[in-house]
Amino acid sequence: MKLTGFNTEYKIWLEKNGAIFGDGLSDLLSSISGLGSISRASRELGMSYRAAWGKIRVAEKKWGIPLVVTRVGGEAGGWAKLTPEAEELLKTYCRLQQEVDEFVQNLPEKFFTGR
């Protein structure tokens with residue numbers, strides 16, 4: 001049997017102590033990494049600064065690792081950057097997501113084309 005127009009949608013996440021690392025936290029950390037600011041990252045993602053910080057703090061507590069380091073403004077300006085642990089977690093999540101995506105994209109051909 002051959003199916004046409006098969007749509008494969010999925011969600012993946014990592015979970016530890018009830019804290020989920022999925023697309024939302026991944027997007028937030030990626031934006032912080034790229035923009036160097038929690039405030040700018042939260043605006044870009046359409047969330048409040050407070051919600052962004054809350055998401056980060058909950059994840060840090062439940063995962064038991066620091067995710068973001070900040071420096072408050074002043075003359076030189078403030079910044080935010082990811083910790084090495086956050087960079088590794090983000091890299092691992094993105095690699096997992098890429099591999100799962102490749103697997104899922106091949107499901108229709110593998111199971112529904114008679115091969």
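The following questions and answers concern a predicted model of a protein chain. Residues are numbered from 1 along each chain as its sequence is written, and side-chain values use heavy atoms, with hydrogens and water left out. In this predicted model, local features need pLDDT of at least 70 and side-chain atom pairs count only at pLDDT 80 or more, while totals for chains, interfaces and linings use all residues.

Me: What pattern does the protein chain follow along the sequence?
Reply: Helices (H or I, at least four residues) and strands (E, at least two) are DSSP runs, numbered from the N terminus. The protein chain has 4 helices and 4 strands. Read along the sequence, their pattern is β-β-α-α-α-β-β-α.

Me: How many aromatic pairs does the structure hold?
Reply: Rings of Phe, Tyr and Trp (its six-membered ring) pair if their centres lie within 6.5 Å; planes under 30 degrees apart count as stacked, over 60 as edge-to-face and the rest as tilted. By this rule, the number of aromatic pairs in the structure is 2.

Me: How many residues apart are phenylalanine 21 and tryptophan 63?
Reply: Phenylalanine 21 is in strand β2 (residues 19-21), and tryptophan 63 is in helix α3 (residues 49-63). The pair links distant parts of the chain, and the separation is 42 residues.

Me: Is tryptophan 63 buried or exposed?
Reply: Buried means under 20% relative accessible area, exposed over 50%, and partly exposed in between (1.4 Å probe, protein chains only). Tryptophan 63 has 13% relative accessibility, so this residue counts as buried.

Me: Which parts does the pair of phenylalanine 21 and tyrosine 93 tie together?
Reply: The rings of phenylalanine 21 and tyrosine 93 have centres 5.1 Å apart and planes at 70°, so this pair is edge-to-face. Both residues are buried. The pair ties together parts 72 residues apart in sequence, namely strand β2 and helix α4 (residues 84-112).

Me: Which residues do ring pairs link into a cluster?
Reply: Phenylalanine 21 pairs with tryptophan 63, and phenylalanine 21 also pairs with tyrosine 93. The cluster linked by ring pairs consists of Phe21, Trp63 and Tyr93.

Me: Which residues does leucine 28 touch, not counting residues up to four places away in sequence?
Reply: Leucine 28 is found in helix α1 (residues 23-35), and its relative accessible area of 0% makes leucine 28 buried. Contact means heavy atoms within 4.5 Å. Beyond four places in sequence, leucine 28 touches Ala41, Leu45, Met47, Ala52, Lys55 and Ile56.
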